Amino acid sequence: MKIIVCVKQVPDTSGKVAVNPDGTLDRASMLTIINPDDKNAIEAALKLKDETGCRVTAVTMGPPPAEGMLRELIAMGCDDAVLISGREFGGSDTFATSQIIAAGINAIGLEEDDIVFCGRQAIDGDTAQVGPQIAEKLDIPQISYAADIKVEGKKVTVKRMLEDGYMTVETQTPCLITCIKELNEPRYMSVAGIVGAYSKPMDVMDYPRLKDDPLIEVDTIGLAGSPTNILTSFTPPQKGAGMMLEGADKATCEQLAGILVKKHII
Amino acid sequence: MSEFKNTVLEDFKNVWVFCEQRQGVLMPTDFELISEGRKLADELGVKLCGLLLGDKVEHLAKDLAGYGADEIIVCEHPLLKDYTTDAYAKVICDTVVEMKPEALLVGATNIGRDLAPRCAARLHTGLCADCTHLDVEMSTYKDFLRENSTLPEARIENVGTAMVLGKPHDVSKDLKMTRPAFGGHLMASIICPRFRPCMATVRPGVLKKAPFDQARADAVVITKPEVKLCECELKTKVLEVVKESRKLVDLTGAEVIVSVGRGISKDVEGGIKLAHELADVLGGVVGSSRACVDSGWITADHQVGQTGKTVRPRIYIALGISGAIQHKAGMSDSECIIAVNKNDSAPIFEVADYGIVGDLFKVVPLMIEEFKAAIANK
Amino acid sequence: MDFVLSKEHEMLRKMYREFAETEVKPLAEEIDEEERFPMETVEKMAKLGMMGIYFPQQYGGAGADVLAYAMAVEELAKVCGTTAVIVSAHTSLCCAPIFEHGTEEQKMKYLPKLCKGEWIGAFGLTEPGAGTDAQGQQTTAVLDEAGENWILNGSKCFITNGNVANVFVVIAVTGKTTDKKGRPMKEISAFIVEGTDPGFSQGKHEKKMGIRGSSTCDLIFEDCVIPKDRLLGKKGEGFKIAMKTLDGGRIGIASQALGLGEGAVEEAIKYTKERVQFGKRISQFQNTQFQLADMHTKMQAAQFLVYSAALKKMEHAKNPKVSYSMDAAMAKLFAAEAASDVTRRAVQLFGGYGYTREYPVERMMRDAKITEIYEGTSEVQRMVIASNLGVK
């Protein structure tokens, strides 16, 4: 058994978010982090590795500096890593991204008893789409919002969270599972892991490496292969100065409730 | 799917809404989407259809039609009783291929966000996630931008074409799907100009529900396409479905926090009870200032601030909290801050978006009442 | 000369920082207040390899280097002086002398358990009558008649990790000898004592001004019997071992001081940007700006000295002719005095709030003071430096 974990390097939006005058994100001035949900996916994989000794491979698509993140994942305990990187892949929406990552997973080789883990969603786009779309491209079952995962042989049982409870779902490997925060507490890198992080294998897959996969066509990857386009991108109006409401009676509370509803706050 | 050419846009007509039901009960977001779908269908001059999957769910069709659907496509099968990605994705894709809608809206629930991407990938089309606003009509879209963006008027006036595969494309007939990114720091309007159906998941609770129209409900047209589904095609099996009320999330992950401060001193228990009631109305949790923890009124895990937790919920309500610097350090990044305090010069008002000067024991019960009413009337 | 950290060191810093912020900082106030040893933190650090950072993996260590260790102590001290000194005393004062002077059997017996954090280590040199004057040792070790066991008598005081440690490197007098000039002096040797050895006991917990969560106590030897193979190094090498151990320990304490000062600067920057007086953030006042500029500069200088001492010790491991004794002394002298000054200035910038326990700077100020005292006072460091300069 091996586990392939799909991860993304994202700007750290927990601090202040820098925006260019044209409404796009000023990525250069922001720190990058491992997408938080993806860390839960890594932890889920490493837990299975602790139990079964299976191999864990981290996969990301991104620019060359994403290697730093992959090395950190190796320092946490992943055995190796794959960086899918190429100019041809730039501008991909979730559809095109899932084509490329699925091709990368095909190149690694998905076997009968393998599992793919993803985080639920990335904090930059918050789409939660790439995981299920990779599963579709690989033609394997998916279980999203996993809060508990049990693997017995080829049988995988997952506690899948819903807004009003949960369902327990069973499937067979190979399958894809998207992980949520409640699943586990990601471990830290270890000192020994860091010492060895740069001596473990890291494979870079560029366009020539993947181009023979049927998923990779000029019109299925990159900007040209993305069914969606961005029409406009903009920043919402700045939060104005606070507003002191008149009085403290029923009318005041009614006014407040009205404002909050109008602004979609409640 | 060879005959299904999803790039021949004129083959596709009508707006569809996937209507999610759980254990035979429709989700509130279905009504919001049907109401919004009505508006879009009218702007496009087409029909609005609800797509309802389940086992013995036909009786729900009238409810949906009452909010604006012309037609409900009911797909019934015992294997559709509980949601599985496999079964639902297959039936939806089969139906889309057969009936060719131009847009498909799905509620961005945990199920919708599992299902929609799988379908979009299979249908080879675009999907916009977790939208908070939808437009077809250009003038309303521009008005929306005027009110909700910092774009200059000149830019807004010029919105109308997008570069698609290097060529200008007129977007006046496209569904413009607007969504937040980067935790709401940025907004983007997305189009899907080359493929059909254009798909979107829509954030629950954001779009307005129309009033129920009995005449529409009675006039509902029900279509029941043949459902081809075999157990052998399903790779996942639902073992059990468990309903449970949401357990209290910890402060750092909470969307809504109602915090109490020294202002509850004259009736500590009553004050905390009020905070809980208000939090329940908004689906939030209760926090506190350090003073309450130090006085032993509430346990330390509730504490927000320098020595407590740093939080940034969507709504932070400070009741009887003066707003010492140590408290503000832990909550000033909250999206919307509402403060109630007797003292009009309390520093909490400096960071509050909305302030009410008054006795929390009098104000909060009114607030609970008004918030409840406002939420019910949405 | 290379002032750029390697990618591995940068990654280590990130890991230490995340760990310190998430696991150590939230406990810092409580363990100080309750004078409680944070055993749960030690267990977490052990899992990550932080209890044996620079020892080879064959002995259970993490296989990193002395700089990686100094950075760990530094990052821990930024948020909690207590946690930093636990690692420092364990690593520098117990693991290091066993690694550097132990036989292969001793190393295999003690290091894996120490490095994995299953055992905690401590070092016993100081005695009630032998502080700065280490030659004043009174504790004795005598070989029994059969020549099989050493029998130790005496007591040690102010022993960091004393009440929680399982393994102690103990210095004792084993006889009389003469110095180079033929003057009589004590023959001193080093031993490994286990907490379960008969006749060994620990005294009461010492109440301290700072690093209050760390365990400090007396060690008492009353006819304490240990097997003869517990002699560490050769008989009569004890003073040399002790001094070399302190040289290494000083890098740990210098790192602790460095972290305390840097932590106080971080806190002060954050606070002065929030605190408003006279309608302005106090960071807008030039006094605040100049204070913070000085404080940061001092700590940056301290960092260079500390890292350079760590690199020198690494060089020493490859080439024993390279001495790091003066580098360690300078690093500790400067970092400790800088930490005391910077934490005191941080309290001043915080004003009244800084004097309360609501903010961590008063704790940092109390914690910083000890770095000028233990493992050789600042005065001792000056003696070491002067003697290295040949100023006699």
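The buried residues of helix α2(A) are A:Met69, A:Leu70, A:Arg71, A:Glu72, A:Leu73, A:Ile74, A:Ala75 and A:Met76. Buried means under 20% relative accessible area with a 1.4 Å probe, protein chains only; exposed means over 50%, and partly exposed lies in between. Helix α2 spans residues 67–76 of chain A, and eight of its ten residues are buried, so it is largely enclosed by the rest of the structure. Just after α2(A), A:Gly77 takes a positive phi of about 140 degrees. Helices (H or I, at least four residues) and strands (E, at least two) are DSSP runs, numbered from the N terminus.

This is a predicted model: local features need pLDDT of at least 70, side-chain atom pairs count only at pLDDT 80 or more, and totals for chains, interfaces and linings use all residues. Residues are numbered from 1 along each chain as its sequence is written, chains are lettered from A and ligands numbered from 1 in the order in which they are written, and side-chain values use heavy atoms, with hydrogens and water left out.

Turn to the interface of chains A and B. Here 86 residues of chain A are in contact (heavy atoms within 4.5 Å) with 92 residues of chain B. The two chains bury about 7,500 Å² between them, 57% of it on carbon and sulfur atoms. Buried area is the accessible area (1.4 Å probe) that two parts lose on being put together, summed over both. A:Glu163, A:Leu231 and A:Phe234 supply 11% of the area that chain A buries against chain B, more than any other three residues.

Polar links cross this interface too. The count is 40 residue pairs in polar contact, both at pLDDT 80 or more. A polar contact is a pair of N or O atoms within 3.5 Å; within protein, one must be able to donate a hydrogen and the other to accept it, and residues adjacent in sequence count only if both atoms are side-chain atoms. Helix α7(A) gives the most to the side of chain A that touches chain B, with ten residues. Strands pair if DSSP finds at least two bridges between them. In β20(B), B:Gly355 is the bridge partner of A:Met244.

C:Glu127 lies in the loop between β1 (121–124) and β2 (140–143) of chain C. C:Glu127 is buried, with a relative accessible area of 3%. Its side chain makes a polar contact with the side chain of C:Thr139 (2.7 Å).
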